[in-house]
Amino acid sequence: MTTNYVLPISKVPSQKVQSLLLGKKTMLWIRQLASGIYCDIWVENTLIAAGVLCLNKTWMLRDKTFSINGDFVFLDTQGNTDPTLNGLGDRYQLIFRSFQ
C-alpha cells in the first residue's frame, strides 16, 4: 500500500524542509539555481541524494535501496511544467510517497 504526504514548502529561493517520515528524521534542502530547482535529501543525518534536479512528475530517488522506504516528487497541479520558485507550495507541490 502506498501513502502520499504533501510536504510544506514556500516561495523562497533556498529552504530546508524537515519532517518525520516513516519514523525517520528527513531533511530536504531545496534551492533555486540558474538552471532550475535542485534538492539534497538527508535521512537520519545521512546525505542520500545531492544535487537532484527537480522536474515535474519525476521521482528524485528512483531506487528502493535508499534508507527510506519511499520517494519524493514535485507535481504541477495546474499543468505540466517543471517547478519554478513563484509556484512552490501551491501550484507545485512536493509529495512524499511511502512504499509501505
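What follows is a short chat about the sheets, the core and the aromatic side chains of a predicted model.

Student: Start with the sheet that has β2 in it. What's the strand order?
Tutor: This is a predicted model. In it, 4 strands make an open sheet ordered β2-β3-β4-β5, and the pairing is antiparallel.

Student: Which strands stand at the edges there?
Tutor: β2 (14–21) and β5 (46–53). Each has a single partner strand, so one side of each has no neighbour in the sheet. From one strand to the next, the twist averages 15°.

Student: How many bridges join β2 to β3?
Tutor: β2 and β3 (residues 24–33) run antiparallel and are joined by 8 bridges.

Student: R31, then. Where does its charged end sit?
Tutor: Over the ring of W29, 4.0 Å from the ring's centre.

Student: OK, on to the sheet with β1. What order is that one?
Tutor: β1-β7-β6, an open sheet of 3 strands with antiparallel pairing. β1 (3–7) and β6 (70–76) are its edge strands; each has a single partner strand, so one side of each is left without a neighbour in the sheet. The twist here averages 30° from one strand to the next.

Student: And how many bridges join β1 to β7?
Tutor: There are 5 bridges between β1 and β7 (residues 92–98), and the two strands run antiparallel. In β7, R97 is the bridge partner of N4.

Student: Change of topic. How many residues are in the largest nonpolar core?
Tutor: 23. The residues with the most contacts inside this core are L28, I30, I41, M60, F72, F74 and L94. The elements giving two or more residues to the core are β2, β3, β4 (36–43), β5, β6 and β7.

Student: Which element gives the largest share?
Tutor: β4, with 4 residues.

Student: What is I41 in contact with?
Tutor: Setting aside neighbours within four places in sequence, I41 contacts M27, L28, T46, L47, I48, A49, M60, L61 and F72.

Student: F72 keeps turning up. How many aromatic pairs are there?
Tutor: The count is 2 aromatic pairs. For F72 and F96, the ring centres are 4.9 Å apart and the planes are at 50°, so that pair is tilted. F72 lies in strand β6 and F96 in strand β7, so the pair ties together parts that are 24 residues apart in sequence.

Student: Are F72 and F96 buried or exposed?
Tutor: Both F72 and F96 are buried.

Student: Which residues form the aromatic cluster?
Tutor: Y5, F72 and F96 form one cluster.

Key
Residues numbered from 1 in each chain as written. Predicted model: local features only at pLDDT ≥ 70, side-chain atom pairs only at ≥ 80, totals over all residues. Heavy atoms only, no water. Pairing = 2+ DSSP bridges. Axes fitted to C-alpha atoms, helices over the stretch in contact; angles between N-to-C directions. Core = buried A, V, L, I, M, F, W, Y, C linked by side-chain atoms within 4.5 Å. Buried < 20%, exposed > 50% of the residue type's maximum accessible area, 1.4 Å probe, protein only. Contact = heavy atoms within 4.5 Å. Phe/Tyr/Trp six-rings, centres within 6.5 Å; stacked < 30°, edge-to-face > 60°. Lys NZ or Arg CZ within 6 Å of the ring centre and 35° of its normal.
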